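User: I'd like to go through this model with you, one question at a time. Here it is.
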Amino acid sequence: MTVQPAPAPARRPVPTAADAEPRLPVPHRVIARWRETPDTVTLRLDPVDVALPDFVPGQFAMVHCFGRGEIPLSVSSIPTTGGLAHTVRAVGAVSAGLCAARVGDVLGLRGPYGTGWELERARGQDVIVVAGGIGLAPLRPLIRDAVAAPRHYGRVNVLIGARTPSDLLAKYETRRWPTACTGVTVDRADPGWTGEVGLVTRLLDRAQYLPARTRAFVCGPEPMIRATARELVHRGVAADRIRVSLERNMRCATGTCGHCQLGPLLLCRDGAVVDWDRAEPLLSIREL
Amino acid sequence: MNDTATAEVRWTRALSAEHRARLMTVAREVTIPQGTRLFDEGGRADWFWIIRAGTVSLDMHLPGRRRTQVIETVGCGELVGWSWLFSPNVWQLGAEATTTVRALEFEARAVRRMCEIDTELSSAVGQWVGRILARRLQAARTRLLELYAPYGSGGAR
């Protein structure tokens with residue numbers, strides 16, 4: 001009788017979140033946490049078990065605070081440039097819960113969702129990044145990519161506006177970016193503020209760019225996006241060369257529930273980053 | 001550098017060469033040390049400046065406080081002071097050089113006299129200053145919207 005060796009057990013593939021139910025949050029542990037402003041923190045996260053597919057700058061995750069709910073948050077750092085991180089400002093129950101998360105706490109993440117900034121479209125061209133308030137967070141990985149590959153892009157300009165000096169994010173990192181122009185302005189100066197005061201669009205006066213060969217990336221609250229995009233168009237940057245990140249009430253993030261609908265767009269699927277030539281006519285319709 | 005929209009309010013584009021040459025007869029180049037008060041609220045508006053380098057902060061006195069509140073900063077190519085053109089020719093804000101400033105300094109009374117005589121110059125100067133005022137008013141209104149308040153969080157915190 002010949003004894004056949006037992007067949008080797010089939011190697012089980014390493015599970016990824018993509019194999020799981022896409023709408024279930026995947027546990028991630030907070031491995032670092034730091035305060036950006038009095039009401040804003042950044043959380044660096046690591047998967048507890050399975051990993052989510054890679055994010056690209058501009059994409060977002062639905063971040064679940066167990067017991068409270070979930071909200072969409074763009075990535076403020078991606079693994080290739082410093083680990084997966086989200087920056088969150090406490091404005092509601094869920095975001096306040098996320099802000100209160102401590103190192104070691106477990107949060108749920110699902111994603112990545114949405115479009116990215118598509119920085120590659122700016123290759124060989126001047127870049128203008130305009131960030132308003134916490135809008136700098138989703139732009140941070142884009143800026144890091146741009147300044148890390150200076151030969152691929154023309155002059156990189158980063159223009160930052162905030163309500164007060166204490167609302168400015170990433171102050172130390174901002175100073176280190178080797179850009180052609182980094183401008184910072186606030187609406188209200190605190191005692192001791194020696195920088196500029198005024199609308200963020202005024203910083204465009206100092207930016208170095210040729211409008212016809214410029215790509216712009218804008219993120220912030222909608223009035224700021226509108227003011228900035230219109231000013232850029234007024235200065236000769238074509239609307240289809242301006243990418244803006246729009247915010248709407250995202251629930252499912254999979255293009256199913258329709259809560260984030262803006263005209264023909266489902267922003268969780270077709271956005272949140274869209275070209276201004278698509279966004280502008282929709283933002284002019286009052287009922288949308 | 002870009003040379004489009006803001007240039008519309010820069011005097012090099014807003015005024016003809018002839019009008020600029022007329023104004024330059026009452027102008028001089030000045031260097032203003034950092035920290036110099038150019039003017040204070042309520043003072044006679046008898047001068048104005050076009051910044052060539054550096055920045056100037058425009059501020060307002062808050063009752064009960066010793067410090068002034070900076071409202072806006074203006075930089076290269078921008079006009080400092082418009083109250084000189086409109087009656088009662090009294091400064092509405094204060095101004096201070098936040099850096100060393102190089103500027104063209106104009107004697108406002110002489111410019112006003114020129115405008116009284118020459119209606120074409122008067123119209124051109126009025127349009128120029130008016131466009132600057134409109135731009136600053138629009139910027140101030142936009143800032144009133146609490147531009148950086150997070151979506152859905154309402155206005156003031």
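User: How many salt bridges does the rule find across the interface of chain A and chain B?

Analyst: Some ground rules: this is a predicted model, where local features need pLDDT of at least 70, side-chain atom pairs count only at pLDDT 80 or more, and totals for chains, interfaces and linings use all residues. Residues are numbered from 1 along each chain as its sequence is written, chains are lettered from A and ligands numbered from 1 in the order in which they are written, and side-chain values use heavy atoms, with hydrogens and water left out. A salt bridge here is a side-chain nitrogen of Lys or Arg within 4 Å of a carboxyl oxygen of Asp or Glu. Across the interface of chain A and chain B, the count is 4.

User: Which residue of chain A meets B:Glu72 in a salt bridge?

Analyst: The two side chains come to 3.8 Å, N to O. The partner of B:Glu72 is A:Arg202.

User: Which element of chain A gives the largest share of the side that touches chain B?

Analyst: Elements here are DSSP runs numbered from the N terminus: helices (H or I, at least four residues) and strands (E, at least two). Strand 8 (156–162), strand 10 (196–197) and helix 4 (222–234) of chain A each supply at least two residues of that side. The largest share, 5 residues, comes from helix 4.

User: What is the area buried between chain A and chain B?

Analyst: Contact means heavy atoms within 4.5 Å, and 38 residues of chain A are in contact with 29 residues of chain B. Buried area is the accessible area (1.4 Å probe) that two parts lose on being put together, summed over both. Carbon and sulfur atoms give 51% of a total of about 2,900 Å².

User: Which residues of chain A lose the most area to chain B?

Analyst: Together, three residues make up 20% of what that side buries. They are A:Arg163, A:Leu199 and A:Arg202.

User: How many residues apart in sequence are the parts that B:Phe48 and B:Trp84 tie together?

Analyst: Rings of Phe, Tyr and Trp (its six-membered ring) pair if their centres lie within 6.5 Å; planes under 30 degrees apart count as stacked, over 60 as edge-to-face and the rest as tilted. B:Phe48 and B:Trp84 are stacked, 4.0 Å centre to centre with 10° between the planes. B:Phe48 lies in strand 3 (residues 47–53) of chain B and B:Trp84 in the loop between strand 6 (79–80) and strand 7 (94–97), so the separation of the parts they tie together is 36 residues.
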